[in-house]
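I opened this entry to write down what I looked up in a structure that is new to me.

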Amino acid sequence: MGYGVGGYPLWYYLIQPVIAGFVGYLTNVLALEMTFRPIEFFGIELFRIKGQPWGFFGWQGIIPTKSEKMASICFDLMTTKLLNLKEIFDRLDPKRFSEVMEDAIMLMLDSIVEEVAMKYMPNVWSMLPKKVKDEIIVVMNIESETFLTTFMEEVKEHIDDVLDIKQMTVAACVREKRLVNKIFQECGDKEFTFIRRSG
């Protein structure tokens, strides 16, 4: 039966590292796949602890599960260690902002005035001659520069009250779990390939 140890043939011993390597490879591939997939919980969600990938019957990828927590931590680190939102908004020039927005406002002004007038004084607006309506829009366009400048100054002053950028960022990451997955996969592409192949 060929050379062997303890009464077993030699191939019995030679095949064990091959099988172990193959099983190791499969478990690594499966573990990596389960890190990123499925994007949403798959299974019967009878019982599940918030923020955990596993349920009583089912699984959700670890990264998609933790997307809210990771986004929150990243945002906190960036805004406390790297960026200051108030400083960023302080760099915006209100006058320049109003100049940039002027054309866009002019295009929208017609429909904005129409919508507001029809909501709050439909009878009066309907009876006004077109010439008067046009004159109102022209006056509003002239005043829009002052309004936008003042508006931007107010936003800069109270940016934390006006915008909850953390909530917006976290909500975007929770909504776009595929994008969060993609960030991790692209950043760690070589490392994940090594883990997958190392068995």
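My notes below cover the cores, an aromatic pair and a helix crossing.

Entry 1, basis. I am working from a predicted model.

I asked which residues make up the largest nonpolar core. I found seven residues in all: I105, L109, V113, A117, W125, I137 and L148. Helix 5 (94–120) and helix 7 each supply at least two residues of this core, and the largest share, four residues, comes from helix 5. I then looked up L109, leaving aside its neighbours within four places in sequence, and found it in contact with I137, M140 and N141. I also noted a second, separate core of six residues, with F75, M152, V155 and I159 among them.

I counted one aromatic pair. The ring centres of F147 and F151 are 6.0 Å apart and their planes lie at 20°, under the 30 degrees cut-off, so I list the pair as stacked. Both residues belong to helix 7 (residues 130–157), where F147 and F151 are four residues apart, about one turn of the helix. Are they buried or exposed? F147 has 53% relative accessibility and therefore counts as exposed. F151, at 40%, counts as partly exposed.

I checked helix 10 (residues 177–187) against helix 11 (residues 189–198): their axes come within 4 Å and cross at roughly 75°. That makes helix 10 roughly perpendicular to helix 11. On the helix 10 side I recorded F184, Q185, E186 and C187, which meet D189, E191 and F192 in helix 11. By class, this contact has three nonpolar, one polar and three charged residues.

Technical notes
Residues are numbered from 1 along each chain as its sequence is written. This is a predicted model: local features need pLDDT of at least 70, side-chain atom pairs count only at pLDDT 80 or more; totals for chains, interfaces and linings use all residues. Side-chain values use heavy atoms; hydrogens and water are left out. Axes are lines fitted to C-alpha atoms, for helices over the stretch in contact, and angles run from 0 to 180 degrees between N-to-C directions. Angles under 35 degrees count as roughly parallel, over 145 as roughly antiparallel, 65 to 115 as roughly perpendicular and the rest as oblique. Contact means heavy atoms within 4.5 Å. Ala, Val, Leu, Ile, Met, Phe, Trp, Tyr, Cys and Pro count as nonpolar, Asp, Glu, Lys and Arg as charged, and the others, Gly among them, as polar. Rings of Phe, Tyr and Trp (its six-membered ring) pair if their centres lie within 6.5 Å; planes under 30 degrees apart count as stacked, over 60 as edge-to-face and the rest as tilted. Buried means under 20% relative accessible area, exposed over 50%, partly exposed in between (1.4 Å probe, protein chains only). A nonpolar core is a set of buried Ala, Val, Leu, Ile, Met, Phe, Trp, Tyr and Cys residues joined through side-chain atoms within 4.5 Å.
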